[in-house]
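The plan is to pick spots, look them up one after another and jot down what turns up.

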Amino acid sequence: MRIVVVEDNENVAKGIAYRLRDIGHAVDLLHDGNAADEFLAGDDADLAIIDINLPGLDGLSLVRKMRARGDGRPVIMLTAMAELEDRVAGLDSGADDYLAKPFQMAELEARIRALSRRLPQQITEMVDVGGLSFDAATREARVDGRPLDLPRRELSVLECLVTAAGRTVTKSVLLDNMYGTGADVDETVVEVYVSRLRKRLRPHGIEIKVRRGLGYVLAEAGPA
């Protein structure tokens, strides 16, 4: 999933991002409420984790603005405040769940899994390319019915290419899906993971084709 984390404590934000990326999610980090409002208005991430106490626009107001413009993506609110009225205020603003600091990352992961089950049903569709099948809900790939075990970065590349349904995917889009928007990672790293994934898929009759200057597309291999 693509997850937006809005947290002004950079150490906390980086810790959350590191853990979520480690289990395969793409993460966008923001530290200011006004910047987050602008970002969320034009982004299509799947879920947002938002701290209540933010510089600029506070977290409660940020969520209210999301809901006012019809943004229904799941939101988990974070705060150091644990009083009942604070929890109620967070939920009343439109948040779906509430987590008081300090918390265990395992609990945050469980909340994310629970909310991901509320996402639109189209993400649960199985996508097929030749003998390759990809379940977007579970992020599981199979070739000719057998599980295809992939490292998390290669899995992110495959996920992006498969769900593009034959359309060309640019390096920047792949990079965002692997690391999150704005990550300080050079686009050339995409070539490394695409090359590794290509070698895994080629024996199964699946190709990653390069469209020079445009990007990559996943396709069934043609006749030899």
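Predicted model: local features only at pLDDT ≥ 70, side-chain atom pairs only at ≥ 80, totals over all residues.

In which loop does Asp-71 lie? I looked it up: Asp-71 is in the loop between α3 and β4 (75–79).

**Entry 1**

Setting aside neighbours within four places in sequence, I find Asp-71 in contact with Leu-40 and Met-66.

Met-66 took me back into the helix. Helix α3 spans residues 59–68, and its buried residues are Gly-59, Leu-60, Leu-62, Val-63 and Met-66. These cover an arc of only 160° around the axis, which puts them on the same side of α3.

I then looked at both ends of α3. At the start, a side-chain oxygen of Asp-58 comes to within 3.0 Å of the backbone nitrogen of Leu-60. Just after the helix, Gly-70 has a positive phi of about 85°.

**Entry 2: Asp-51 and Lys-101**

Next aspartate on my list: Asp-51, which sits in strand β3 (residues 47–51). With a relative accessible area of 3%, Asp-51 is buried. Which side chain does the side chain of Asp-51 make a polar contact with? It is that of Lys-101, at 3.2 Å. Not counting residues up to four places away in sequence, Asp-51 touches Val-6, Glu-7, Asp-8, Gly-59, Leu-78, Thr-79 and Lys-101. Gly-59 is already in my notes as one of the buried residues of α3.

I followed Lys-101 along the backbone. The peptide bond from Lys-101 to Pro-102 is cis, with omega near -10°. Pro-102 is in the loop between β5 (97–100) and α5 (105–116).

**Entry 3: the β6–β9 sheet**

I traced the strand order next. An open sheet of 4 strands runs β6-β7-β8-β9, with antiparallel pairing. Its edge strands are β6 (126–129) and β9 (146–147), each of which pairs on one side only. Between β7 (residues 132–135) and β8 (residues 140–143) I find 4 bridges, and Phe-134 stands opposite Ala-141 in β8.

Asp-144 has a positive phi of about 50° although it is not a glycine. At 53% relative accessibility, Asp-144 counts as exposed.

What lies across β6, β7 and β8? That is helix α6 (residues 152–163), running at about 100° to β7.

**Entry 4: the β10–β11 hairpin**

I moved on to β10 (residues 206–211), which pairs with β11 in the antiparallel sense over 6 bridges. The two strands form a hairpin with 3 residues between them, and Gly-213 in the turn has a positive phi of about 80°. Arg-211 has Gly-215 in β11 as its bridge partner. I also checked how enclosed β11 is: 5 of the 6 residues of this strand (residues 215–220) are buried, so β11 is largely enclosed by the rest of the structure.

**Entry 5: the cores**

Which residues have the most contacts inside the largest nonpolar core? They are Leu-132, Leu-158, Leu-174 and Leu-218, in a core of 29 residues. At least two residues of this core come from each of β7, β8, α6, α7 (171–179), α8 (188–201), β10 and β11. The largest share, 6 residues, is from α6.

I listed the contacts of Leu-158, leaving aside neighbours within four places in sequence: Leu-132, Phe-134, Ala-141, Leu-150, Leu-197, Leu-201 and Leu-218. Phe-134 and Ala-141, the opposite pair from my sheet entry, are both in that list.

Apart from this core lies another, of 20 residues, among them Ala-36, Phe-39, Leu-40 and Met-77. Leu-40 is also one of the contacts I noted for Asp-71.

**Entry 6: overall numbers**

Last, the totals. I count 8 helices and 11 strands in the protein. Of its 224 residues, 45% count as buried. Among contacts with a separation of 6 or more, 54% are between residues 24 or more positions apart.

Technical notes:
Residues numbered from 1 in each chain as written. Heavy atoms only, no water. Buried < 20%, exposed > 50% of the residue type's maximum accessible area, 1.4 Å probe, protein only. Arc of directions from axis to C-beta. Polar contact = N/O pair within 3.5 Å; in protein donor to acceptor, adjacent residues only side chain to side chain. Pairing = 2+ DSSP bridges. Contact = heavy atoms within 4.5 Å. Axes fitted to C-alpha atoms, helices over the stretch in contact; angles between N-to-C directions. Core = buried A, V, L, I, M, F, W, Y, C linked by side-chain atoms within 4.5 Å.
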